[in-house]
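Subject: Structure handover

Hello,

Here is the structure for your files. My notes on what was found in it follow below.

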Amino acid sequence: MQVDLSDIELAIEFVSSAYSFDNAAYLNLETGEIYYSGDAVDEELPDDIEKIGKYISIPSKRDLELGKPLVLNFVSKEMPDEIDNVYSMFRSRGAYSRFKSLLQNLECVEKWYSYENAAVKDAITEWCKENSIECRTNI
């Protein structure tokens with residue numbers, strides 16, 4: 001069974017949604033189908049969703065350390081003079097919007113998105129390997 005990397009990425013985005021803490025997604029390890037659960041989802045989960053070994057929960061960005069740790073890693077490599085400023089940003093709400101404003105001011109937006117996209121793909125690929133899931137890129 002193979003799963004498209006982009007399908008897993010979409011599921012991770014859904015699970016990581018800031019608008020709902022109840023979002024979840026499950027990968028059927030036999031078919032590769034992804035099932036979604038949350039406030040905005042009308043479909044029913046399969047009756048056997050809790051069957052051990054048949055489904056695996058899709059992780060969130062936080063589970064994969066793609067939030068604050070990723071930002072801090074990027075800043076330390078690409079904008080080291082701003083590291084104290086960014087640490088300060090992430091001590092309160094609204095950190096990502098302030099971080100994005102800083103990126104715009106320093107003309108580093110494209111560099112950040114490139115870095116983030118590569119890190120997301122690497123994290124998904126690693127998660128798939130750890131869980132014996134064969135993923136393919138759909139180019």
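**Cysteines**

The sulfur of Cys-135 lies 3.9 Å from the closest cysteine sulfur, that of Cys-128, which is too far for a bond; a disulfide here is a pair of cysteine sulfur atoms within 2.5 Å. Searching the whole structure gives zero disulfides. Cys-128 is accordingly in no disulfide, its nearest cysteine sulfur being that of Cys-135. Cys-128 is buried, at a relative accessible area of 0%, while Cys-135 is partly exposed at 23%. For these labels, buried means under 20% relative accessible area, exposed over 50% and partly exposed in between, with a 1.4 Å probe and protein chains only.

**Basis**

This is a predicted model, in which local features need pLDDT of at least 70 and side-chain atom pairs count only at pLDDT 80 or more, whereas totals for chains, interfaces and linings use all residues. Residues are numbered from 1 along each chain as its sequence is written, and side-chain values use heavy atoms, with hydrogens and water left out.

**Overall**

The protein chain has five helices and five strands, taken as DSSP runs (helices: H or I, at least four residues; strands: E, at least two) and numbered from the N terminus. Along the sequence the pattern is β-α-β-β-β-α-α-α-α-β. The C-alpha trace spans about 50 × 30 × 25 Å along its principal axes. Of the 139 residues, 41% count as buried. The chain exposes about 9000 Å², of which carbon and sulfur atoms supply 45%; accessible areas come from the Shrake-Rupley method with a 1.4 Å probe, and for residues only the protein chains shown count as cover. Among contacts (heavy atoms within 4.5 Å) between residues at least 6 apart in sequence, 58% join residues at least 24 apart.

**Asn-28**

Asn-28 sits in strand S2 (residues 24-28) and counts as buried at 4% relative accessibility. A polar atom of the Asn-28 side chain lies 2.7 Å from the backbone nitrogen of Glu-30. For the backbone nitrogen of Thr-31, the distance to a polar atom of that side chain is 3.1 Å. Leaving out residues up to four places away in sequence, Asn-28 touches Met-1, Glu-33, Tyr-35, Lys-54 and Tyr-55.

Glu-9 lies in helix H1 and, at 19% relative accessibility, counts as buried. Beyond its neighbours within four places in sequence, Glu-9 is in contact with Val-120, Lys-121 and Ile-124. In helix H2 (residues 68-78), Leu-70, Val-71, Leu-72, Phe-74 and Val-75 are buried. The buried residues of H2 pack against helices H3 (83-89), H4 (95-105) and H5 (109-130).

**Aromatic pairs**

Rings of Phe, Tyr and Trp (its six-membered ring) pair if their centres lie within 6.5 Å; planes under 30 degrees apart are stacked, over 60 edge-to-face and the rest tilted. The count comes to eight aromatic pairs. Phe-14 and Tyr-36 form an edge-to-face pair, 5.0 Å centre to centre with 85° between the planes. That pair links distant parts of the chain, Phe-14 in helix H1 (residues 5-15) and Tyr-36 in strand S3 (residues 34-37), 22 residues apart. Tyr-36 is partly exposed, at 22% relative accessibility.

Phe-74 and Trp-112 have ring centres 5.2 Å apart and planes at 70°, so this pair is edge-to-face. The pair joins helix H2 and helix H5 across 38 residues, and both Phe-74 and Trp-112 are buried. One aromatic cluster is formed by Phe-74, Phe-90, Tyr-96, Phe-99, Trp-112 and Tyr-115.

Regards

Note on methods
Polar contact = N/O pair within 3.5 Å; in protein donor to acceptor, adjacent residues only side chain to side chain.
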